[in-house]
Amino acid sequence: MFFAILFSIVIILLLLRLVTWMIGLGYVMAVVVDVLVIGGCSIYYAHNEWFVHIASGKAVYFWDVLLFVLIGFVYGVIVVLGTSMFPRIAGLFHYIIAWITTGFLYVFINYAVFGVVFGLLLDNEQMNTVVHIVIISVLALFIYNSRMRIFKQNLT
């Protein structure tokens, strides 16, 4: 039990360090993580629901790439314009995106390491989920602060 908690803390610290390092690279990396998550989920849906019906063979992948590029461009424009024109709404938006991205990476790493969505930190399943959500929320605060510094720096 102690080893699992210690291992989880090490994974969390590594995740925090990795994401802050990526965001520390600048504006592009802050947006790339978002575009990978949003674009990946969009392509996952669109590939099977739309593109297999409008294209055949390897042309389906052309539409996947085209959608990914379009999402990246539109998302970048929305984030830059939204941050400069509506700073308060953008602050909430950046926290939500930081929370979703951090949660996605946290769940992905947790699933890769433990084979379950949330590793067992407590015996009570509901409290275990609450603890994981609190951990994701705390990590998201660090990512949010980094994002706000990056976007304010690049817009001024």
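**View 1. Asn 128 lies in helix α5 (residues 125-155).** Helices here are DSSP runs of H or I with at least four residues, numbered from the N terminus. The model is predicted: local features need pLDDT of at least 70 and side-chain atom pairs pLDDT 80 or more, whereas totals for chains, interfaces and linings use all residues. Residues are numbered from 1 along each chain as its sequence is written, and side-chain values use heavy atoms, with hydrogens and water left out. Because its relative accessibility is 5%, Asn 128 counts as buried (under 20% relative accessible area; exposed is over 50% and partly exposed in between, with a 1.4 Å probe and protein chains only). Leaving aside residues up to four places away in sequence, Asn 128 touches Phe 118, Gly 119, Leu 120, Leu 121 and Leu 122 (contact: heavy atoms within 4.5 Å).

**View 2. Helix α3 covers residues 59-85.** At 1.5 Å a residue, its 27 residues should span 39 Å, which agrees with the 39 Å between its end C-alpha atoms (expected span: 1.5 Å times one less than the number of residues). Buried residues of α3 include Val 60, Asp 64, Leu 67 and Ile 71. In an α-helix with 3.6 residues a turn, residues three or four places apart point the same way.

**View 3. Leu 81 belongs to helix α3.** With a relative accessible area of 45%, Leu 81 is partly exposed.

View 4. The chain averages 81, and 88% of the residues score at least 70.

Technical notes: Helix = DSSP H or I, 4+ residues; strand = E, 2+ residues; numbered from the N terminus. pLDDT = per-residue confidence, 0-100.
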